[in-house]
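Welcome, and please open your viewer. We will go from one selection to the next and look at what sits there.

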Amino acid sequence: MGAGTTGAAARRALAAGIFDAAVARAHPATCLPAHLPPPPAIGRILVLATGKAGASLAAAAAAHYATAGVARERIGGLAVCRHGYAADAGPIRVVEAGHPVPDEAGVAATRETLRLAREAGPDDLVLALISGGGSANWIAPAGDLTLADKQAVTKALLRCGASIGEINCVRKRLSLIKGGRLAALAAPARIEAFAISDVPGDDPATIASGPTVPDPTTSADARAVVAKYGLALPDAARRLLEDPANETPKPGDACFARTRFTVIARPAEAIEAAARAARAAGYEPIVLGADVEGEAREVARAHAARARAEKAAGRRVAILSGGELTVTIRGGGRGGPNQEYALALALALAETPGIAALAGDTDGTDGGSGASSDPAGAYVDETTLARARAKGLDAARFLDENDSTAFFEALSDLHAPGPTRTNVNDCRVILVD
């Protein structure tokens, strides 16, 4: 193997290692135990968990209290996670459900979650363990809304380019659990919510649509989102958005008197861990932010310009960013924001030597079909476009078709670590030598 090949392989492995450092910082076994409160004096510990880290959060909690000597019969609850993200949580039942589009398994599990919350007493400790993906996993249609209606609304919101905050603003009006409604059901039990943030700014009202915190948005805000993107909603959804009685609990509501919310892992902390790994490898970290938003291809062009400028200046740097990018779908291909970013980045870099990049979602999957085997993102370097041409692939055409998965699949450049059982949004690494 020649020196050039070895160097390319080493850069790819290094980029993956930096990505892995970000993921490890946010794993529940690392970030949850130190925050867990003592068990209640006489009541139960009821664990209600959701999202891509739902099962692993529940498992970490169960292990913590078992080690502390809490009897198994005092611990119970239900964790709902994405298909393929299950973990052994001991006395806490685990159910896998659909994401990003909800399914019947999620509906049934959420109904059970609501029943458990209603049964919680004032002596009980309710642990609400929340992570990204929770909006789809805790799915309880309000009013006359059906699962098919919720699926249609979710698909429309995902396709239109709306931000996660805008998506969740609408979702809260269509649910029996989101927007503080879980806290209203569990009161007067004590509720300790612990969250792994997957949203820019770590807003508690946005993470998994804020099931245990006051909702600062209104139905008027939700209607404005629908109008902004010209969405055609089912009649049942439109009625819920227009019904004054369907408003969510607001700050000051008595149902929040015994609730507390703690963020235990943030995108910024994951990016900081990536920066430490890059520095240890001899690269000067340049952090562009942990909450970058925008169209994936537009952000990629801006990042490519920065990378080329650093290259021209003769600097050895690792350009790092997090956040959650969006894709406005115009073609019929397969992909996700990180793969689209990587493809657009390769085109914008135009085979500049000495620059390599990995863009991936820390949950282990990026767009795709919703299967746990979907790729997390993709890798590019100075050889990407040349190798594509050798295979007869037109990178620009694949980008136009939003078909980044097929492009990188043909080059064996998909990054597919499998379920990471956490989620702090994207981690993008650009290595400039």
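Start by selecting E310. Setting aside neighbours within four places in sequence, E310 is in contact with I286, R315, V317, I319 and V432, where contact means heavy atoms within 4.5 Å. E310 itself lies in helix α12; helices (H or I, at least four residues) and strands (E, at least two) are DSSP runs, numbered from the N terminus. With a relative accessible area of 7%, E310 is buried. Buried means under 20% relative accessible area, exposed over 50%, and partly exposed in between (1.4 Å probe, protein chains only).

A quick note before you click on: this is a predicted model, in which local features need pLDDT of at least 70 and side-chain atom pairs count only at pLDDT 80 or more, while totals for chains, interfaces and linings use all residues. Residues are numbered from 1 along each chain as its sequence is written, and side-chain values use heavy atoms, with hydrogens and water left out.

**Salt bridges**

Next, select R297 and E340. Their side chains form a salt bridge, with the closest N and O atoms 2.7 Å apart. A salt bridge is a side-chain nitrogen of Lys or Arg within 4 Å of a carboxyl oxygen of Asp or Glu. R297 lies in helix α12 (residues 296-312) and E340 in helix α13 (residues 337-349), so this pair ties together parts that are 43 residues apart in sequence. R297 counts as buried at 15% relative accessibility, and E340 counts as buried at 3%.

Now move to E192 and R190. This salt bridge has its closest N and O atoms 3.0 Å apart. Buried or partly exposed: which is R190? R190 is partly exposed, at 28% relative accessible area, whereas E192 is buried at 5%.

For another pair, pick R387 and D381, whose side chains meet in a salt bridge at 4.0 Å, N to O. Here R387 is partly exposed at 28%, and D381 is buried at 13%. Then highlight K172, R173, D215, E247 and K250 together: salt bridges that share partners join them into one network. The structure holds 28 salt bridges.

**Cysteines**

How many disulfides does a search of the whole structure find? It finds zero, a disulfide being a pair of cysteine sulfur atoms within 2.5 Å. Select C31 to see this: its nearest cysteine sulfur, that of C427, is 16 Å away. C31 counts as buried at 5% relative accessibility. End your tour at C427, which is in no disulfide and is buried at 1% relative accessibility.
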